[in-house]
Amino acid sequence: MLGSLARRFAGDGPYAGLALLPDRILWPLHRDGLDPVERMAEIRGREPVSKLPVPFGIRAWLVTGDDATREVLGSLDGFSNDFGKFAGKVGIKISADPGGLGFADPPDHTRLRRMLTPEFTMRRLSRLQPRIEAIVADRLDALGAAGAPADLWHEWALPIPALTICELLGVPYADREYFEKVSMSRFDMGAGAHAPLDAVSESLNYLDGLIKEQRRIPGDGLLGALIRTHGDAIDDRELAGLADGVLTGGLETSASMLALGAMALMEDPAMAAQLRAGENVDAIVDELLRYLTVVQVAFPRVAIRDLEIGGVPIRTGDVVICSLSGANRDQQVGAEPERIDPARRPGRSHLAFGYGVHRCIGAELAKMELRTAFPALVRRFPDLRMAVDPADLQFRRASIVFGVDSLPVHTV
Ligand code: HEM
């Protein structure tokens, strides 16, 4: 969902106004290589809650400190995620509400999230482990066969979460190829801004058809389980919103982590060697999540009462944007936050999956994918290296989900 929002920010249609935002607002989405820009550390040190000069007469704040971010994301009585509250302010049509969890407040959020939670327990997810292993092995074959250079993004990073989510949702086997195509092309800006938007509506149409089909004969995946257990308590629109949230929340995010994580591993042979030996896998994955923080900002929050965050007065109606990439480089994470150090012992967990009731529901699934895929990659291709100078890579310039659209590598 965050991914689709990012794309809609960049395109036209209902989010057109946001595409015009100037760099003085978009700078928190810029990066310097894999790092947040220098200004992030300056602002965090000086003013962890600072004014953002947003147009439309909106008062907006950028939160970059770890403590202040937890305060905002943890405050249910202080802030709302409701799409209507935010959309009205920035000139987005309410009809653009993508549904799902990220733009909902309790009690709706609680009701919908409770329906999804059983599908994301470790017990339920563990049945996907063998499938993830098979998908990873298959994509390693494809990467190896792709020639020199091979595009790690297209052959490996993007298909792994796309196919995993097919499994999770219970997309019928015959539809897999089509589903993979629409879910991948919705993120492909190479064909111009219209292509992803067309693909969004195509995949929503597809999900709609799938839901109707599964209402008749519930399948084995998440959709079938939701229909079997809660079929009467959830309408098709809500179901499509949940499914779309899972699709977009879990696809581009995990794909970016796989691609940028692979880059980090190519630049750090000692870390790659540890993974190859099966050592410190959990710690390395967690540290890469913190360091890369691919979801750069949380969903916008709107203050629903006057309050203070980090000593700064916030008024009812103010918009607050939490920079997760900023907060994850706060000194709170321990010494030298700008370094990848799997041995660090932070006093608290990182914020790459957010915090509070909206914390990523797919965090464990994402970690399963990363813990499976990274060691398999470095074992299969011990000589894996970039085929271009990292300085020449085209990173996304101002996207909520940071990443690349292509990653040329040599596998041998
Ligand atoms: C490395 C991969 C991922 C990252 C970095 C990530 C990051 C995040 C973050 C930061 C949030 C919270 C945003 C906020 O509070 O404003 C979030 C929410 C969410 N994520 Fe993820 N995510 C990842 C993978 C996944 C996967 C695999 C799925 C599902 C299959 C998923 C589904 C969702 C959903 C449905 C929400 C909304 C939860 C709610 O509002 O209650 N994500 N994610």
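1. **Basis.** The model is predicted; local features need pLDDT of at least 70 and side-chain atom pairs count only at pLDDT 80 or more, while totals for chains, interfaces and linings use all residues. Residues are numbered from 1 along each chain as its sequence is written, and side-chain values use heavy atoms, with hydrogens and water left out.

2. C360 itself is in the loop between α18 (324-327) and α19 (363-380). Helices (H or I, at least four residues) and strands (E, at least two) are DSSP runs, numbered from the N terminus.

3. **Strand β10 and its neighbours.** Two strands pair if DSSP finds at least two bridges between them. Strand β10 runs parallel to β4, and four bridges join them; within this pairing, V63 has C322 in β10 as its bridge partner. With β7 (residues 301-303), β10 runs antiparallel, joined by two bridges, and the partner of R301 in β10 is V320.

4. **Cover on β10.** Buried means under 20% relative accessible area, exposed over 50%, and partly exposed in between (1.4 Å probe, protein chains only).

5. **Helix α4.** In helix α4 (residues 38-46), the buried residues are M40, I43 and R44. These residues lie on the same side of α4, because they cover an arc of only 100° around the axis; the arc is that of the directions from the helix axis to the C-beta atoms. Exposed on the other side of α4 are E38, G45 and R46. The cover over the buried residues of α4 includes β2 (35-36), β3 and α18, where contact means heavy atoms within 4.5 Å.

6. Side chains of opposite charge can pair when their charged atoms come close. The whole structure contains 25 salt bridges, each defined as a side-chain nitrogen of Lys or Arg within 4 Å of a carboxyl oxygen of Asp or Glu. One of them joins R59 to D318, at 3.0 Å from N to O. R59 is in the loop between β3 (49-52) and β4 (60-63), and D318 in the loop between β9 (312-314) and β10 (319-322), so the pair ties together parts that are 259 residues apart in sequence. R59 is partly exposed, at 23% relative accessible area, whereas D318 is buried, at 3%.

7. **Salt bridges: R131 and E167.** Another salt bridge links R131 to E167, whose closest N and O atoms are 2.6 Å apart. R131 belongs to helix α9 (residues 129-145) and E167 to helix α11 (residues 159-169), so the pair ties together parts 36 residues apart in sequence. R131 is partly exposed, with 30% relative accessibility, and E167 is buried, with 16%.

8. **Salt bridges: D82 and K85.** The closest N and O atoms of D82 and K85 are 3.9 Å apart, and the two residues form a salt bridge. D82 is partly exposed, at 28% relative accessibility, and K85 is partly exposed, at 37%.

9. **Aromatic pairs.** How many aromatic pairs are there? The count comes to three, where rings of Phe, Tyr and Trp (its six-membered ring) pair if their centres lie within 6.5 Å; planes under 30 degrees apart count as stacked, over 60 as edge-to-face and the rest as tilted. F103 and F299 form an edge-to-face pair, with 5.0 Å centre to centre and 80° between the planes. This pair links distant parts of the chain, 196 residues apart: F103 is in the loop between α6 (83-90) and α7 (108-116), and F299 in the loop between α17 (281-292) and β7. Both F103 and F299 are buried. The pair of F395 and F402 is stacked, at 5.4 Å centre to centre and 20° between the planes. F395 is partly exposed, at 22% relative accessible area, whereas F402 is buried, at 1%. Finally, F83, F103 and F299 form one aromatic cluster.
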